[in-house]
Amino acid sequence: MADTSDTRTPAQIEADIRRRREVLAETLDEIGVRVHPKTIVGDARAKVLANVDHTVGRAYVQVNRVVSEVRAQFVDEKGAPRIERVVPVALVVVGVVGLLALGTRRRRD
């Protein structure tokens, strides 16, 4: 059998009910804000932007690492270019550009 004796006064009970209603009203307001379409879209947009920022950051680090490795191949510790590696690469680039220029010139004729 349940104990039905309550030692609180009616004023205390009313105060408890008032406090609970205030807490419930705050909770309902918070739920209303969370399920509002603008809030949902804003949260989704923020997640996407965070993921994009993270991906771009990782890509930047990777590109920076590759550039540093390539630069180390063509520049010595003092910062001077390594001629024995720069000249062959420059000749290959000039040759490829020349071949491409000749190939496009022949197509026009």
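I take buried to mean under 20% relative accessible area, exposed over 50%, and partly exposed in between, with a 1.4 Å probe and protein chains only. Arginine 34 has 55% relative accessibility, so I log arginine 34 as exposed.

**Ground rules**

This is a predicted model, where local features need pLDDT of at least 70, side-chain atom pairs count only at pLDDT 80 or more, and totals for chains, interfaces and linings use all residues. I number residues from 1 along each chain as its sequence is written, and side-chain values use heavy atoms, with hydrogens and water left out.

**Overall layout**

I looked up the secondary structure first. The protein has three helices and zero strands. Helices (H or I, at least four residues) and strands (E, at least two) are DSSP runs, numbered from the N terminus. The order from the N terminus is α-α-α. Helix α1 covers residues 10-34, α2 covers 37-74, and α3 covers 83-108.

Next I checked the overall dimensions. The radius of gyration is 36 Å, while a compact globule of 109 residues would have one near 13 Å. That radius is taken over C-alpha atoms, and the globule rule is 2.2 Å times the number of residues to the power 0.38. The C-alpha trace spans about 100 × 45 × 25 Å along its principal axes.

How much of the protein is buried? Buried residues are 1% of the 109. I get an accessible surface of about 10,300 Å², and carbon and sulfur atoms hold 62% of that surface. Areas come from the Shrake-Rupley method with a 1.4 Å probe; for residues, only the protein chains shown count as cover.

**Salt bridges**

I searched the whole structure and found four salt bridges. The cut-off is a side-chain nitrogen of Lys or Arg within 4 Å of a carboxyl oxygen of Asp or Glu. Side chains of opposite charge can pair when their charged atoms come close.

- Arginine 8 and aspartate 16 pair at 2.3 Å, N to O. Arginine 8 is partly exposed at 36% relative accessibility. A salt-bridge network links Arg8, Asp16 and Arg19.
- Glutamate 30 pairs with arginine 34, with the closest N and O atoms 2.7 Å apart. These two residues are four apart in helix α1, so about one helical turn separates them. Glutamate 30 is partly exposed, at 43% relative accessibility.
- Arginine 82 pairs with glutamate 77, with 3.8 Å between the closest N and O atoms. Glutamate 77 is exposed at 76% relative accessibility.

The protein has 19 positive and 15 negative charges, and their mean positions are 14 Å apart. Lys and Arg count as positive, Asp and Glu as negative; His and the chain ends are not counted. I place each charge at NZ of Lys, CZ of Arg, CG of Asp or CD of Glu.

**Nonpolar patch**

Which residues make the nonpolar surface patch? I find Leu28, Ile31, Val35 and Ile40, with an area of about 390 Å². Patch residues have over 30% relative accessible area and no salt bridge; like charges are joined within 9 Å, and nonpolar side chains (Val, Leu, Ile, Met, Phe, Trp, Tyr) within 5 Å. Valine 35 sits in the loop between α1 and α2. Valine 35 is exposed, at 54% relative accessibility.

**Distance checks**

I picked two pairs. Glutamine 12 is in helix α1 and is partly exposed at 41% relative accessibility. Glutamine 12 and asparagine 51 are 39 residues apart in sequence and 51 Å apart in space, C-alpha to C-alpha.

Aspartate 76 is in the loop between α2 and α3. Its relative accessible area is 24%, so aspartate 76 is partly exposed. Aspartate 76 and arginine 45 are 31 residues apart in sequence, with 46 Å between their C-alpha atoms.
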